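Today's notebook page is about how two chains meet. I'll jot things down as I look them up.

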Protein chains: 2
Amino acid sequence: MERIEKYRSKGLKLTPQRLAILEYLDGNTSHPTAEDIYRAVKKKHPTISFATVYNTLQALLEMGEVMELTIDPERKHFDPNTTPHHHIVCTRCGKIGDVFVDYSSALELPPEVTEEFTPISNHIDFYGVCKKCNKTKRRTK
Amino acid sequence: MERIEKYRSKGLKLTPQRLAILEYLDGNTSHPTAEDIYRAVKKKHPTISFATVYNTLQALLEMGEVMELTIDPERKHFDPNTTPHHHIVCTRCGKIGDVFVDYSSALELPPEVTEEFTPISNHIDFYGVCKKCNKTKRRTK
DNA sequence: TTGGCTGCAAAATATTTGCAGAACA
DNA sequence: TGTTCTGCAAATATTTTGCAGCCAA
């Protein structure tokens, strides 16, 4: 399997737990949290620990194979799609969607900013309401 | 003092601790964390507790008088400037700068996104290197 | 006077770390 | 076989909460 070679060549030791994490993340667009990953992988590997999940995520982060999203103030989400892109989050249910548009050329920074910072990249958080929540009554909370 | 009236009229009880927090935040562009606020206010009110800082920040958030920034994955930062604006963060030292530009008209979303989400607002995180860090050797870590 | 606030401590939540044993390469 | 990883537990870090007493209004 080529996936195995890909990670092994980067020096990642591939245990069954790690393979299960990689399999869960592969093509996953749900932007899971560490706990989401833990719960999903636990189904096949009931003894897996959070330490292993975080350990593996840390290794994948350093390899540039996953990205950390800070769009949710409560916890980190992880995105296995490392193509530069942006996100949109539902302000009611927290669902996160992808936005594959490169706005860089439209995001010129004014001189008072470029005097102080040399810009490198950018990431946009869009906020909105998802289709499902639009059909539902607003949470009164 | 008008600041007092402003908050009192919104039902906020103004204790000396809260006034000190408000005074520290007023016009502050350093994007402090809860701990930054705690440490600063502690100078004048040595007995202040984190509970009071968080309690007050919570009240100010609900009043829309401060914004929570998620640009730093490690901890929340707070911004007393609630004018819509964006941020740029130094990838070496974490310094956060403000970007007062409205890019909304340039941020059109593609149909596959607007089919699923009704957009409301957006916030851009720019990443770069600040002047000071540019002069310094890169951290080898 | 009194309901909201403070400060203390403890709890809750998220994430990281130490270490002995397990297992991949 | 040796190094890295796992799983458990404990440690950290951040933020929240319970509660008795205090105090702004």
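How many bridges join E5(A) to strand E5 of chain B, and do they run parallel or antiparallel? I looked this up in what is a predicted model. I found 13 bridges between E5(A) and strand E5 (residues 117–130) of chain B, and the two strands run antiparallel. I picked one spot to check by eye: A:Phe126 stands opposite B:Asn122 in E5(B).

Next entry: the whole contact. I noted 40 residues from chain A and 40 residues from chain B taking part. Together the chains bury about 3300 Å², and carbon and sulfur atoms account for 61% of that.

I got 17 residue pairs in polar contact across the interface of chain A and chain B, with both residues at pLDDT 80 or more.

Which elements of chain A give two or more residues to the side that touches chain B? My list reads strand E3 (86–90), strand E4 (96–99), strand E5 (117–130) and helix H6 (131–135). E5(A) hands over the largest share of that side, 14 residues. I sorted the side of chain A that touches chain B by class, too, and wrote down 21 nonpolar, nine polar and ten charged residues.

Last entry: salt bridges. I counted four between chain A and chain B. One I zoomed in on pairs A:Glu116 with B:Lys95, where the closest N and O atoms sit 2.8 Å apart. For a salt bridge the cut-off is 4 Å, so that pair makes it onto my list.

Notes:
Residues numbered from 1 in each chain as written. Chains lettered and ligands numbered in written order. Predicted model: local features only at pLDDT ≥ 70, side-chain atom pairs only at ≥ 80, totals over all residues. Heavy atoms only, no water. Contact = heavy atoms within 4.5 Å. Buried area = accessible area lost by both parts, 1.4 Å probe. Salt bridge = Lys/Arg side-chain N within 4 Å of Asp/Glu carboxyl O. Polar contact = N/O pair within 3.5 Å; in protein donor to acceptor, adjacent residues only side chain to side chain. Helix = DSSP H or I, 4+ residues; strand = E, 2+ residues; numbered from the N terminus. Nonpolar A, V, L, I, M, F, W, Y, C, P; charged D, E, K, R; others polar. Pairing = 2+ DSSP bridges.
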